[in-house]
Amino acid sequence: MANIASQIKRNRQNERARVRNKATRSAIKTALKRFDSAIVSGDAAAAQTAYAAAASQLDRAARRRVVHPNYAANHKANMARRLRP
């Protein structure tokens, strides 16, 4: 346990960021699963909507450095490839 005031504050900040980042990563996983299920079901309109939502979340997370930008780019590329007829 930290005794220094600045480290105590930093620990609080880190905990808030950890919880926020965990929620973002969970939301990304959910969006990717929704896209997968839309692709498997064969519903092109739902897949397109799910792709847009997942890509948006990936871009936002990459911009905030919650995930690596290459992670977002690779997932978006794979989704776009699966979306093509």
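This is a predicted model: local features need pLDDT of at least 70, side-chain atom pairs count only at pLDDT 80 or more; totals for chains, interfaces and linings use all residues.

Lysine 76 has a relative accessible area of 23%, and so it counts as partly exposed, a label that covers whatever falls between buried, under 20% relative accessible area, and exposed, over 50%, using a 1.4 Å probe and protein chains only. Residues are numbered from 1 along each chain as its sequence is written, and side-chain values use heavy atoms, with hydrogens and water left out.

What does lysine 76 form with aspartate 59? The two form a salt bridge, with their closest N and O atoms 2.9 Å apart, where a salt bridge is a side-chain nitrogen of Lys or Arg within 4 Å of a carboxyl oxygen of Asp or Glu. This pair links distant parts of the chain, since lysine 76 lies in helix α3 and aspartate 59 in helix α2 (residues 44–63), 17 residues apart; helices here are DSSP runs of H or I, at least four residues long, numbered from the N terminus. Aspartate 59 is itself partly exposed, at 32% relative accessibility.

By this rule the count comes to three salt bridges. Another of them joins the side chains of aspartate 36 and arginine 82, at 2.5 Å from N to O, and it too links distant parts of the chain, with aspartate 36 in helix α1 and arginine 82 in helix α3 (residues 69–83), 46 residues apart. The side chains of arginine 18 and glutamate 15 also meet in a salt bridge, at 2.7 Å from N to O, but here both residues lie in helix α1 (residues 5–41), three residues apart, which is about one turn of the helix.

Let me turn now to the packing. Helices α1 and α2 pack at an angle of about 160°, with their axes 9 Å apart, the axes being lines fitted to C-alpha atoms over the stretch in contact, and angles running from 0 to 180 degrees between N-to-C directions. That angle makes α1 roughly antiparallel to α2, because angles over 145 degrees count as roughly antiparallel.

Methods. Helices (H or I, at least four residues) and strands (E, at least two) are DSSP runs, numbered from the N terminus. Angles under 35 degrees count as roughly parallel, over 145 as roughly antiparallel, 65 to 115 as roughly perpendicular and the rest as oblique.
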